[in-house]
Protein chains: 4
Amino acid sequence: MNTSFFGELLNSITLQGRSLIDGRKGRLSEVPLGSLCDQLLSGRGEASGVAIAEEVLLNYGKLSREERLTFFRTLYQDFGADTQKIANLAKELAEKADDPVLQRRLHSASEPRRQELIRRLNLAPGGTKSLVAMRSDLLDCLAEEPDLKEVDRDFEHLFSSWFNRGFLVMRRIDWQTPANILEKIIQYEAVHEITGWDDLRRRIGLADRRLYAFFHPALVDDLLIFVEVALTREIPGAIGPILAEQRAEIRADEAATAVFYSISNCQRGLRGISFGNFLIKQVVEELRRELPNLKTFVTLSPVPGFTKWLSQSLAEDKGLAGAALSGQQLDALRDRTWQDNEELSKDLETVMPALGAHYLTQEKSRGARPLDPVARFHIGNGARLERVHWNADLSENGLRQAHSLMVNYLYDLKDIERNHENFAATGSVAASAQVTRLLRQLPEQKQTKSEA
Amino acid sequence: MNTSFFGELLNSITLQGRSLIDGRKGRLSEVPLGSLCDQLLSGRGEASGVAIAEEVLLNYGKLSREERLTFFRTLYQDFGADTQKIANLAKELAEKADDPVLQRRLHSASEPRRQELIRRLNLAPGGTKSLVAMRSDLLDCLAEEPDLKEVDRDFEHLFSSWFNRGFLVMRRIDWQTPANILEKIIQYEAVHEITGWDDLRRRIGLADRRLYAFFHPALVDDLLIFVEVALTREIPGAIGPILAEQRAEIRADEAATAVFYSISNCQRGLRGISFGNFLIKQVVEELRRELPNLKTFVTLSPVPGFTKWLSQSLAEDKGLAGAALSGQQLDALRDRTWQDNEELSKDLETVMPALGAHYLTQEKSRGARPLDPVARFHIGNGARLERVHWNADLSENGLRQAHSLMVNYLYDLKDIERNHENFAATGSVAASAQVTRLLRQLPEQKQTKSEA
Amino acid sequence: MNTSFFGELLNSITLQGRSLIDGRKGRLSEVPLGSLCDQLLSGRGEASGVAIAEEVLLNYGKLSREERLTFFRTLYQDFGADTQKIANLAKELAEKADDPVLQRRLHSASEPRRQELIRRLNLAPGGTKSLVAMRSDLLDCLAEEPDLKEVDRDFEHLFSSWFNRGFLVMRRIDWQTPANILEKIIQYEAVHEITGWDDLRRRIGLADRRLYAFFHPALVDDLLIFVEVALTREIPGAIGPILAEQRAEIRADEAATAVFYSISNCQRGLRGISFGNFLIKQVVEELRRELPNLKTFVTLSPVPGFTKWLSQSLAEDKGLAGAALSGQQLDALRDRTWQDNEELSKDLETVMPALGAHYLTQEKSRGARPLDPVARFHIGNGARLERVHWNADLSENGLRQAHSLMVNYLYDLKDIERNHENFAATGSVAASAQVTRLLRQLPEQKQTKSEA
Amino acid sequence: MNTSFFGELLNSITLQGRSLIDGRKGRLSEVPLGSLCDQLLSGRGEASGVAIAEEVLLNYGKLSREERLTFFRTLYQDFGADTQKIANLAKELAEKADDPVLQRRLHSASEPRRQELIRRLNLAPGGTKSLVAMRSDLLDCLAEEPDLKEVDRDFEHLFSSWFNRGFLVMRRIDWQTPANILEKIIQYEAVHEITGWDDLRRRIGLADRRLYAFFHPALVDDLLIFVEVALTREIPGAIGPILAEQRAEIRADEAATAVFYSISNCQRGLRGISFGNFLIKQVVEELRRELPNLKTFVTLSPVPGFTKWLSQSLAEDKGLAGAALSGQQLDALRDRTWQDNEELSKDLETVMPALGAHYLTQEKSRGARPLDPVARFHIGNGARLERVHWNADLSENGLRQAHSLMVNYLYDLKDIERNHENFAATGSVAASAQVTRLLRQLPEQKQTKSEA
């Protein structure tokens with residue numbers, strides 16, 4: 001209540017954003033982009049900095065893909081650290097390695113000039129938005145030009161600071177939200193596609209559905225990440241009923257469970273800056289405050305690496321999957337005949353969840369983290385693997401990547417820290433008793449190895 | 001118009017701020033602060049980071065001045081860079097000084113650990129506000145403990161990035177502004193004291209007065225800097241009529257001149273991060289858009305170093321001041337008799353403005369910048385010294401620091417860059433013809449020297 | 001700027017509206033509706049009024065169409081004025097007809113009790129919305145039950161007072177507007193159907209399109225009326241190019257003309273309360289302020305009664321249409337062959353606009369107002385008939401009702417009062433020189449008659 | 001949440017209000033005000049209505065007190081009902097008194113023309129505000145010119161409709177509220193004066209203090225009524241500790257009791273339109289929702305008529321007061337010596353609360369309502385007299401009007417309707433057991449009489 005003055009503050013930001021879009025009709029500079037960047041860095045005052053920053057970003061926006069690559073190479077080669085200065089300081093340091101002032105001068109000399117360049121580009125109105133877009137372009141070039149990873153690290157370093165959790169704002173998105181934000185939700189949804197405005201309304205406009213997003217004040221009218229929540233009576237075992245067009249809506253105060261069924265990052269240019277962990281936890285707190293009847297907070301998550309792992313396991317001599325699955329079961333999986341055959345499906349249900357549980361809790365990548373990326377995220381956040389469901393995602397994608405398996409990760413705020421610490425210390429994946437029982441159903445096996 | 005959604009975003013920030021104030025009832029940790037900071041840095045995930053960050057800031061807030069000093073010493077000694085790693089890398093570098101990866105690793109190793117510590121402390125709700133306060137405390141310790149300047153540099157470095165102009169929001173403050181903001185204006189005004197709510201209303205609630213401020217989204221309900229503006233027909237030559245209780249108000253569209261008569265920085269903890277330059281220029285643009293009748297944008301500024309310089313000049317053998325001022329004039333200045341004697345005052349007016357013009361345009365400090373701090377600021381921004389006024393500030397402070405002199409600096413947007421460049425290249429202070437004429441009235445003198 | 005506090009006020013209204021929707025779970029009263037209404041009227045204080053009002057509206061909402069009719073009959077028969085009291089007062093009045101107190105008592109006695117009933121129903125949260133819906137139901141019953149017109153007059157009387165122009169708020173609707181408002185725009189558009197969200201975005205999200213609406217604080221999240229505006233270089237002569245999916249967007253400051261091409265009333269329950277006149281004029285003022293480049297404000301309007309009049313005229317002996325149109329032209333009109341035949345079309349263009357001009361300016365209904373309802377509205381507002389276009393609306397509706405004719409009415413604020421007064425005094429329809437010339441092309445004719 | 005769009009709506013209202021203030025520079029009309037009003041009424045369309053309405057209000061605003069009286073007389077004499085029409089209809093009615101159409105025509109004819117005039121004046125921007133001010137002027141004239149009460153009834157009738165509870169908006173006022181609203185609070189407080197901004201902050205800026213107000217969308221930036229609330233542990237028995245500068249603040253969630261200690265109507269021009277009842281009940285609901293720990297909702301109210309009644313009772317032969325009070329007690333009351341004499345005070349405490357209880361529950365005015373106006377209000381709302389306190393208000397006003405007595409009225413939502421109905425049916429004042437016990441302490445007395 002009564003927070004309106006501060007709310008009003010942002011109006012000006014929006015207006016800046018708008019005038020930016022309208023106003024960028026300035027003539028394109030003839031000066032090469034690299035020289036402009038040099039000018040921006042050499043500027044002894046702020047007097048002309050904003051103008052040059054705007055010009056750089058404006059000119060950048062007109063570049064072809066090829067020219068952008070050239071520009072990034074310039075950033076790599078010409079806007080690195082000062083080698084001579086470093087060399088001199090390194091020599092000085094040989095004498096007194098523990099001198100803090102010397103260390104600081106070395107730190108300063110070894111900072112690539114492009115970091116300061118990026119900071120100064122951010123002076124331009126709308127600069128942050130442009131820089132996030134620029135990094136997205138840069139990411140496209142990394143495969144081709146691995147050296148540019150050095151440039152990328154500078155972006156990532158600065159963005160981590162600017163998009164610090166302390167500067168993020170969480171907002172609920174609903175049917176009263178402006179259309180320009182909503183259309184971005186449709187566009188950004190990455191897990192379960194939103195097919196149009198009617199589908200969107202089903203996800204945000206009903207009493208038992210919620211959507212929360214993080215925003216950053218400098219990214220006007222755009223989102224960083226959002227999570228979709230269903231309020232249900234029980235922990236759900238399949239995605240179909242959640243997304244169904246026709247279903248019985250319940251009142252929010254009838255729900256006992258909050259289900260995080262989709263989480264989407266919106267800004268490719270912010271890759272590596274993590275928001276999801278904070279968002280989920282803040283939503284849990286918000287929902288607990290608003291709806292004291294909610295007792296359970298779980299995800300309904302895909303298992304994107306399961307099919308791939310299963311194939312590899314089958315290919316191995318004495319692999320677990322080969323030992324666990326009969327020939328008939330393998331055929332049914334391959335031909336998807338179980339979908340129309342309840343008996344086959346029930347038969348697979350006796351073993352597939354157990355294999356899923358094994359995959360998620362026992363199969364580790366380098367660094368002893370779960371092989372599955374979604375598991376890595378939630379387990380890393382301190383969540384617990386709660387249930388594994390067969391016949392849970394019948395979309396083409398769900399069948400292809402996980403033979404229809406889906407799982408619930410449970411967020412229990414009071415266990416999160418302990419789970420996390422335990423996982424960090426021992427690599428052990430927190431799992432419910434139900435999941436543990438699943439694991440015991442599998443044939444004995446040689447010790448699980450980590451990926452090299 | 002229609003920017004309300006984004007405006008709403010900030011509600012949550014405010015709520016965070018409030019709940020922070022209410023909610024900080026957590027028990028004080030028994031763990032020493034330094035260990036907590038170590039824990040925060042060593043945390044492998046974000047799961048417990050926010051909680052530890054909160055605890056550090058909470059505990060810090062309870063420290064006595066002595067304990068804070070100890071804490072800052074710990075930051076200096078134990079949270080610097082990794083000396084051993086630096087030494088090793090420096091050795092490697094001897095071979096291949098131009099290897100960007102090596103340079104980057106050196107840059108990374110030479111970053112004091114307290115930088116990352118400060119970033120993580122910013123995860124706590126209200127973290128930014130607490131960190132700004134912490135640096136304010138730190139500044140108090142620098143005189144006593146000069147080593148801590150190294151710590152201060154790390155704060156300053158991060159704050160420069162976080163309080164980048166791209167993240168600032170300008171807002172007009174008026175009589176519709178919430179009282180909690182207005183009381184801060186009263187408290188922060190640093191140039192011409194605001195004596196209470198009635199005085200405040202005269203400065204913001206009338207048609208020919210404006211006040212603009214910069215805000216930062218993470219500093220809830222607080223200001224960074226503000227500037228007070230009077231809309232007048234002519235360029236004013238004294239502060240008294242501007243602040244008078246009884247005066248003839250004019251309509252905004254009757255004004256031809258906008259006068260910046262007071263500019264106050266509000267956050268001691270942000271010392272060294274400059275906002276004033278951007279604020280003045282944005283206000284000029286805002287006012288030009290809103291009131292096309294405004295043709296002239298000037299300050300009405302004090303000359304804080306004039307009296308001091310004059311004394312030094314008089315003490316010098318063959319100093320300019322001694323040559324320019326008669327014995328009678330010197331007496332009148334010393335005894336302030338001119339205030340009640342129009343003749344004496346008129347006599348001084350023939351020479352004092354000229355001496356002021358000389359002081360502001362010719363007397364330079366190290367680095368060839370004007371000796372006077374206010375001149376340094378405006379001239380550095382690209383403004384021009386427009387007029388020098390005698391009998392302009394009769395407050396005790398005005399008499400003591402500048403024998404009543406005040407000046408106008410002119411902001412002409414089309415000349416600002418050129419003035420600035422010219423000043424940067426040659427050290428020459430932009431001045432109006434009128435000021436140049438004043439200079440010619442002075443006796444010939446040996447070449448002005450810069451301070452050593 | 002800085003209007004946020006007041007803006008915040010409305011939050012509570014919205015919350016009221018929401019809790020209303022959520023909260024109406026109260027049990028249905030067993031008391032008959034008529035008795036509840038009696039209770040509401042007899043209540044000597046406000047203590048229980050709100051609760052009873054809520055109950056009446058809740059119960060009303062559950063009625064079938066039949067039961068609603070019964071309820072309205074009850075309002076007619078049992079909630080009229082107090083006949084006995086009137087009779088007595090009328091007798092008293094015979095003696096002293098000019099006694100203001102007696103007059104007032106008579107006025108009071110002759111007010112149907114249902115007026116006070118409606119006022120008290122409005123005490124319920126969301127009462128206004130429910131009452132507007134109730135009147136919409138009532139309008140459905142009037143044909144069947146003409147006596148109920150007396151009840152309807154009471155609604156209309158009160159609504160005129162409540163929806164007084166002084167209480168209306170105009171807002172621009174654009175792509176930043178909340179989706180729940182936007183979907184109402186799609187649903188309410190009555191002139192040129194909006195086919196979906198993409199079509200909507202073309203009408204509100206581009207630089208040369210505007211949409212303005214009137215709201216009332218008591219009708220939460222709903223609209224009263226809206227008008228769609230196209231910003232163009234020239235006065236347009238057809239609707240197709242305005243609505244085209246692919247067209248060249250122009251900047252707002254390139255436009256010289258604002259075209260009101262659609263105006264839709266949204267609340268059937270507010271029939272007879274006129275908003276359109278005020279809306280158009282306020283939009284004209286708003287646009288003039290924002291875009292000084294706009295010189296011309298016109299509508300692009302349908303001519304809904306033209307085809308009907310033409311048929312009647314043709315059926316008359318010596319009718320104007322028969323005299324003006326050749327047999328070939330009549331055939332082309334009837335068979336719509338001109339649409340594929342440029343020659344036929346050009347031929348019709350020589351006469352059809354003239355007939356349209358005649359219809360709009362000369363054919364009057366009872367009361368000497370234009371026969372055409374759209375003309376009646378705009379001419380009554382003081383607008384001028386500016387142009388008549390052939391081949392302008394090729395939609396099925398446009399062809400059927402007006403053989404493709406459309407017209408522009410011009411709103412010139414400085415002439416509006418004069419036009420209006422002139423029209424009120426003489427019944428003469430303001431028309432441009434171009435329209436007057438069209439009229440002269442028609443064959444001489446007997447004096448136009450008004451409808452009986 | 002997410003109610004921002006609707007909130008935005010009000011911006012335009014505010015802007016209207018502002019431009020009104022700025023814009024009313026139109027020339028004063030030479031046409032007499034009465035003729036302008038006639039023009040406004042005769043206008044056949046809306047085209048010129050707004051302009052004439054503005055002109056009437058503008059001209060009215062320039063009138064002297066004398067001229068205003070003349071204007072009101074004109075409203076009385078020349079803008080009444082149509083006597084001839086009434087007379088004719090009255091004759092027709094003699095035949096068929098129960099004809100609803102005839103009744104309606106009579107109702108219409110007997111409406112004073114000034115009602116429609118007032119409705120049309122409300123078309124002007126800011127019209128509602130001007131009309132409320134006009135009625136305030138009118139109230140000043142009633143004593144002098146009782147006939148004008150007829151005019152006043154018309155204002156009151158329309159205002160009742162316009163300021164219907166359904167159109168009011170409740171808002172909490174706190175230290176984040178804009179200063180222009182806050183200064184009105186200072187100005188309007190009618191019960192316990194606010195001495196300045198510091199005092200105000202103590203009443204709205206602390207955790208255990210609240211202030212709520214009703215607003216109306218057409219009265220921009222102004223209040224209708226507000227109530228001040230203290231959150232306390234116990235039911236308070238004196239006003240001093242509530243208003244004390246230095247006192248121990250408690251957290252809102254530590255409070256068990258909400259005390260309404262001041263309620264002020266702000267708009268004299270809305271006299272007779274009651275808001276207080278609704279406001280108190282809505283605040284009770286709001287606080288119960290926000291702070292479930294609150295169990296008791298009471299007022300701390302003055303007893304404005306007590307001293308007067310006591311004097312009358314003492315003057316009566318065999319009056320109750322004379323029987324109850326000893327000569328020493330009477331002396332102590334008259335000389336206020338009890339204030340410095342604890343013994344005397346304690347002695348008075350044995351009888352004064354009982355007399356207060358008697359006065360409030362037994363002494364009735366015409367219509368069997370409590371003689372005391374504050375009791376009339378709260379008892380009429382359905383509250384219960386809970387406690388009577390001696391030595392409770394030591395301000396000059398408190399001593400003069402009630403010999404320091406104050407009382408608590410209890411709002412128990414579940415009893416309110418029953419209390420109210422009971423009171424309406426039997427005139428019996430709801431009182432607590434404690435109050436009933438007080439009554440029994442008094443000497444037996446003849447039956448209490450009602451005022452004639």
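Residues 79–163 of chain A are 73% helix and 0% strand, with the end C-alpha atoms 24 Å apart; helices (H or I, at least four residues) and strands (E, at least two) are DSSP runs, numbered from the N terminus. This is a predicted model, in which local features need pLDDT of at least 70 and side-chain atom pairs count only at pLDDT 80 or more, whereas totals for chains, interfaces and linings use all residues. Residues are numbered from 1 along each chain as its sequence is written, while chains are lettered from A and ligands numbered from 1 in the order in which they are written.

**Annotation and domains**

- An unreviewed UniProt entry annotates residues 79–163 of chain A as "domain: Malonyl-CoA decarboxylase N-terminal"; UniProt positions follow the numbering used here, feature names are shortened, and annotations may be inferred rather than shown by experiment.
- Chain A is divided into domain 1 (15–162), domain 2 (166–299) and domain 3 (302–440), with bounds taken from an automatic or database domain assignment.
- Between domain 1 and domain 3 of chain A, the C-alpha centres lie 44 Å apart.

**Strand 8**

- Within strand 8, Met406(A) stands opposite His389(A).
- Strand 6 of chain A also pairs with strand 8 in the antiparallel sense, over two bridges, and Ser301(A) has Val407(A) as its bridge partner.

**Helix 19**

- The buried residues in helix 19 (residues 373–380) of chain A are Ala375(A), Phe377(A), His378(A), Ile379(A) and Gly380(A).
- These buried residues pack against several elements of chain A, including helix 18 (352–362), strand 8 (406–410) and helix 21 (413–426).
- Just after helix 19, Gly382(A) takes a positive phi of about 100°.

**Gly356(A)**

- Gly356(A), in helix 18 of chain A, counts as buried because it has 28 C-beta neighbours inside 10 Å.
- Leaving aside residues up to four places away in sequence, Gly356(A) touches Val303(A), Phe306(A), Val388(A), Leu405(A) and Val407(A), where contact means C-beta atoms, placed from the backbone, within 7 Å.

Terms used. A residue is buried if 20 or more other C-beta atoms lie within 10 Å of its own, exposed if 12 or fewer, and partly exposed in between; C-beta atoms are placed from the backbone. Two residues are in contact if their C-beta atoms, placed from the backbone, lie within 7 Å. Two strands pair if DSSP finds at least two bridges between them.
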